[in-house]
Each structure stands twice: as C-alpha cells, then as structure tokens.
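Let's take a friendly walk through this structure, one region at a time. Please have the view open as you read.

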Amino acid sequence: MTSQGLELVARDVSVQFEGLKALSDVTLAVPRGRITGLIGPNGAGKTTLINVLTGFQPVGTGTVELEGNAIGGIAPHKLRRMGVARTFQSGRLFRDLPVIDNLEVTGVGLGQSRRDAITEARQVLAWLGISPLAATIAGALPYTDERRVAIGRAIMCTPRYLLLDEPAAGMSEHESHDLAVIIKRIAGELGVGVLLIEHNIGLVLELCERIFVLDSGEIIEVGAPDQIRRSDAVRHAYMGTQRDEIIPALAEQAAAS
Amino acid sequence: MSRPPSVIRQTIVTPIILIVVLLAMAALSYQFGSRAFNRTAIEMFINIMVVVGLYAFVGNSGLLSFGHISFMCLGAYMTAWLTIPPVMKSITLKGLPAWLLHTQLPMWVATPISGVFAALFALIVGRIIMRLSGIAASIATFGLLGVVNNVYSNWDSVTGGQGSIVGIPPTMNVWIGWLGAAVAIVTAYLYSISRSGLALRAARDEEVAARASGVDIVRERLVAFVVSAFIIGLAGAFYAHFLSIVNPGSFYLRTTFITLSMLVVGGMYSLSGAVAGVVAISVLIELFRDLEKGVSVGGLTVGLPNGAQEIAIGIITIVILIYLPSGLTRNREFSWRNWPLQRRRLVPPVQTALKETN
Ligand SMILES: Nc1ncnc2c1ncn2[C@@H]1O[C@H](COP(=O)(O)OP(=O)(O)OP(=O)(O)O)[C@@H](O)[C@H]1O
Ligand SMILES: [Mg+2]
C-alpha cells in the first residue's frame, strides 16, 4: 500500500504563542497506509502539531509538506480537499444535525451532490458498524458514539491522511479495543496514513509502527514501540505529571515484551 | 444499496404548507376584507418576502445582518427608475442616463430586474463583508445600511434626495402579494436544501469543524447573501408598486428593526419561523395601529401615543428572547409529522468533564 516518499511531513517546525514555545524544531512524518503514534504529557504541543499539519495553525519557522509539495499557508478546507483529514479532541460534531448529515457535510464540502454524499455517508456508517445512529441528532449522542461519528465524518471520500486527536479518550477497555480494530482497517483497507494521538499508551504501543514522543514542544524520542517502552527519556517526561499512571503501564509493557 | 429518498421529497411539505396557508389568507382577505384590510394583507406579504429573504442569510449562516433593508431600497428605486412614465422622470430625475430615462417596463419585467440588481450589488459588497466573522460582520452590514441610505438620500438628480419619487404604477393586489411571498418561500427553501445551505448550517454550528470538512465558509456565506439580496430586492420592487412612491426613509432603521424582530419572534433558524413571525407581528401592528388611532369610550377618544407600536414590538421581542429564545416555532419547520408543533424526543446531550475546548 505504501511507496517511498508518500508522506505528510512537518519539518523543523516551531510555533510560538506569546513567549510560550509550543513547538520547537519538530520534525515528524506520517507515511501513507501506516499508523504513526504521537504521545506526550498534557500541554506537550500535540494538538498544536495537528493544527499545523491541517492548516489551522501557521508555523513560525519550518515547513509542512504533502507528498513532496509545500503546503504552508493553504487554508484548512483546501487541505481537506487535498486529502488531509482530522478529528478534534473535543469532538466538534455539528450538534443540531443528524449523524447522517454530519458525514454528508464533508461529502458536500468535497464537491459531491447531496444525494451522492448521503449515499456515501450511509456506506461509511455501515463500514464503521454504526448505521443505527444515522437519524440521531448528533448533540444527543453519548460520548463514545460521538468519537466514532467524528471518525466517520473524517473518512468520508477516503482521505489520504487522517490525524486523530485522542479518539479513545473516555472509552472503556472494550470500546478502545473496537476502536483499535477500526483504526487498523482505516490504515490497512483504505491505505490512509494515520497519525494517532493518545494518552492510552497501551493502544499506541499496540497499533503504531513508529511513535514520536513530544515533551514541552520538543521531540524527545522517536522509534518502534519496543524502543519507546525502554526509553528512560519517555519515562522521565511522564514523571511528576498527572499522567504518571502511564509509567507502570510502560513498565508492564516492557516486562511483557 | 438502495438510493435514499431525495432531500426534496423529505422536506417539500414545509413550503407547501406555508404557501397554502398564505393562499387561504389571501383568499379570505380578498373575499371579506375591507380595502384597508387588503392593504394590510399586501403589506404582510411584502414583509414575508423581506423576512424570508433575511432568513435565507441569517438563518443559515447564523450571522445577524442589519444591512438587508438596503437591498429593499435598491430594488424599490430600480423599480421606480424602470416603471415611472418617462414624462415624469424627465422632470424629477434629470440625472438618470438617457436610456433609463426613456425606458418604461411593465411590472413583471421590472421586478426581476430589480431583484437581480440587488443580488449583483450583494455579490460585490459581500466579497468584502463575508470575510468578516461574528460581530464584525454584523457591524459591517450596519455600515452598509448607512452608506446606501446616505447615497439614496443625497443623490438628488437620480433618487430625488430626501423627498419622495412619485408615479410608480400602483399595480399591487393581494394575489400578487401572495405570489411574491410564494416565490420568496420557494427560493429560500431551495437554497436551504442546497449543498451550500447544508454546508453553511454546519458552519453555523461548528465553524472550525466545517472548515476541516472541506467547507469554504466565505464562499457559502456569499452565496446565501446574494440569494437573500435577490429575494429582498424583489420585495423592494413590490413595495414601490404598493405605495406607488418611494423615499429613502422607508428603507432605514425602523424597517430594519421591525423585520429583524419578526424573524427573531418566529424563530430565526427556520423558514416556518420567518413566516410565522411576520404573521404574528403583523397582527400586533394592526392592533396597535387601531389603538393609536383611538377608541372612543363614552364620547371620549382614548388613544395610545404614537410610537406605542414600536415600544410594544420591542417589549414582545425581548420577552420572546427571554422565554422562547428559539422563537415561536422553536426553530422547527412545519411538517405533517410535527404539526401542530409536536414535542421532539431530544435526549439531552451527555455532559462529561472530558469535553475541552481545543
Ligand atoms: N491558541 C493558543 N494560544 C496560546 N497558547 C496556546 C494556544 N494553543 C495552545 N497553547 C498552549 O500551547 C501548549 C501546547 O498545547 P497543545 O494543546 O498543543 O497541547 P497537547 O499536547 O495537545 O495537550 P493535551 O494532551 O492536554 O491535549 C500549551 O501550553 C497550551 O496552553
Ligand atoms: Mg491536545
């Protein structure tokens, strides 16, 4: 599914918010057809990096490239039309519209007629196994369904890249397992390059071929799951944060491997 | 997989209900109403056109506009220029270009031209205004109202300045009023079920997510702006034929305020709301008009002071905003299923601490 050079890349990107360095010289590549992980403690700059890759956040220095072409300064809606899709940490569904229309909006935004967009939306809902939700008003959905609808909305018309911002937040063990299956199918069956941001380290270690670790705006480690498990830098980054429950998880994973 | 039923088939009942109910009102007014009552009915139909036009933009985009009455002004004056007999024009409107001075078109030709003229104007100014968001966009539309009003009040040789231009053929009647309202309703309906309408409503709910879904918000807003200007331009043309005179004062703050109140009272996110709001406020205005004229009680005429009408509408709008923030129709459309206003089983969204703002 993948071939060399087909990737979405942030190269030496820095972003600054009034004195606060949110990203410093970050380089990250998302290859087509694979799942790449991005982890890091709260406030590390993960969402900011997604905003950079999807055109919502202009970069201070550095470049963003889509399969070899510079895409800095291109508006978000145009980037989506070029195949870069995303979800939001906070869901951001169109609350007043039914689920089917939430997906339909993407089809329409990408140039389909309403009829074609509805047909495609139905197929995507079926593919995700959530067809029964079609007529529900999105604002009335429980949290975990909201996440799945958001993914459905993002994969309408099969994007080339999909950036998922904490899709498993608030999900039970069982639900995140179902999500893992879906993410694998998105990369495997659809050939989409997935970037997965998650605080559920177990899920990231299970799914991703390559993992980037961000801390205070800097990439402190890159590597395969095994390497991340053993990394002292990663363990150190999570120490003393609200997320230090992750450390035993890392240790457990390391012991198991 | 079977084709889903088309969007039109699912939603067509709303405009049908609205148009049929208005037809019944027109027929009743024609049959039983006095001359004065019929004039009130025509005024109501024209207001429906304006407010439905306003809905096409405000309802779908969620941006409040204070500038729409300037499109009515543009439409009305264009109709005046096109329909007043050349003999009269050459005395009062000397500044008109020769070809316009010597033209006289029938109403059914002049009206669409007036609508298109307003739409073209919206296309030009909208390219700038639609780049703004939220309150900035609303204030810019207010500026537009001021600019247009000033130009039409002071360009004496073309608009007759502050005074009125007379001589527009008084060809309005309830049936034409009803037809205009029907055209407005159908146009606004077709826009809201269009791709652009759907995309704009999504952007109204969640602007950031709409952009991430490929929606070009500036473009869709511009489309809505132009469509609504077209409808309101038609309304202006009808208004000119209705009064047979035009003056810039008719297209300023008072009309802006009343039409916005009508939209808010009815429910600004629904077409049914736009129509219901006009009907409700029109009834009220008629009531207060009588009260302002005075009711005789035992040989004594007791009347409300002039302006009581506006005060009452203002108060009612505030009360509605407090108790029914989504208007009389609660932003829903009339249809067979939820008529009359059946309660929707809307489960309240699940609140969790996990919903952050980024
Ligand atoms: N628009 C903004 N203006 C100012 N500061 C911002 C802005 N957006 C993010 N920040 C700051 O930049 C830093 C990185 O934020 P970001 O949201 O990217 O972190 P994150 O890794 O996604 O965190 P979390 O895991 O909590 O979602 C934080 O300190 C945040 O407060
Ligand atoms: Mg984040």
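Contact here means heavy atoms within 4.5 Å. The model is a predicted one, so all that follows describes a prediction.

With that in mind, look at helix H11 of chain B, residues 195-205. How many of its 11 residues are buried? The count is 9, which leaves the helix mostly covered. Among the buried residues are B:Gly197, B:Leu198, B:Leu200 and B:Ala203, and the list also includes B:Arg201 and B:Arg204.

Which elements cover H11(B)? The cover comes from both chains: chain A brings helix H3 (99-109) and helix H4 (114-128), while the chain B contributors include helix H3 (35-61), helix H10 (174-192), helix H12 (207-212) and helix H13 (217-243).

## An open sheet in chain A

Turning to chain A, you will find an open sheet of 4 strands in the order S2-S1-S4-S5, with antiparallel pairing. Strand S2 (20-31) and strand S5 (69-70) each have a single partner strand, so they stand at the edges with one side lacking a neighbour in the sheet. Helix H1 of chain A, residues 46-53, packs on this sheet and touches S1, S2 and S4; its direction makes about 120 degrees with that of S1(A).

Inside the sheet, strand S1 (residues 7-17) and strand S4 (residues 61-66) of chain A are joined antiparallel over 5 bridges.

## Strand S9 and its two partners

Strand S9 of chain A (residues 210-215) pairs in the parallel sense with strand S3 of chain A (residues 35-39), over 4 bridges. Here A:Ile39 stands opposite A:Val213.

S9(A) also runs antiparallel to strand S10 of chain A (residues 218-223), with 5 bridges between them. A:Asp215 has A:Glu218 in S10(A) as its bridge partner. The hairpin of S9(A) and S10(A) has 2 residues between the strands, and A:Ser216 takes a positive phi near 45 degrees there.

## A nonpolar patch on chain B

Back on chain B, the surface carries a nonpolar patch formed by B:Leu287, B:Leu291, B:Val295, B:Val297, B:Leu300, B:Val302 and B:Leu304, together exposing about 590 Å² of accessible area. Helix H15 (271-293), strand S3 (295-297) and strand S4 (300-302) of chain B each give two or more residues to the patch.

Where does B:Leu304 lie? This residue is in the loop between S4 and helix H16 (308-323) of chain B.

Methods
Residues numbered from 1 in each chain as written. Chains lettered and ligands numbered in written order. Predicted model: local features only at pLDDT ≥ 70, side-chain atom pairs only at ≥ 80, totals over all residues. Heavy atoms only, no water. Buried < 20%, exposed > 50% of the residue type's maximum accessible area, 1.4 Å probe, protein only. Pairing = 2+ DSSP bridges. Patch = residues over 30% accessible without salt bridge, like charges linked within 9 Å, V, L, I, M, F, W, Y side chains within 5 Å. Areas by Shrake-Rupley, 256 points an atom, 1.4 Å probe, with all protein chains shown as cover. Salt bridge = Lys/Arg side-chain N within 4 Å of Asp/Glu carboxyl O. Axes fitted to C-alpha atoms, helices over the stretch in contact; angles between N-to-C directions.
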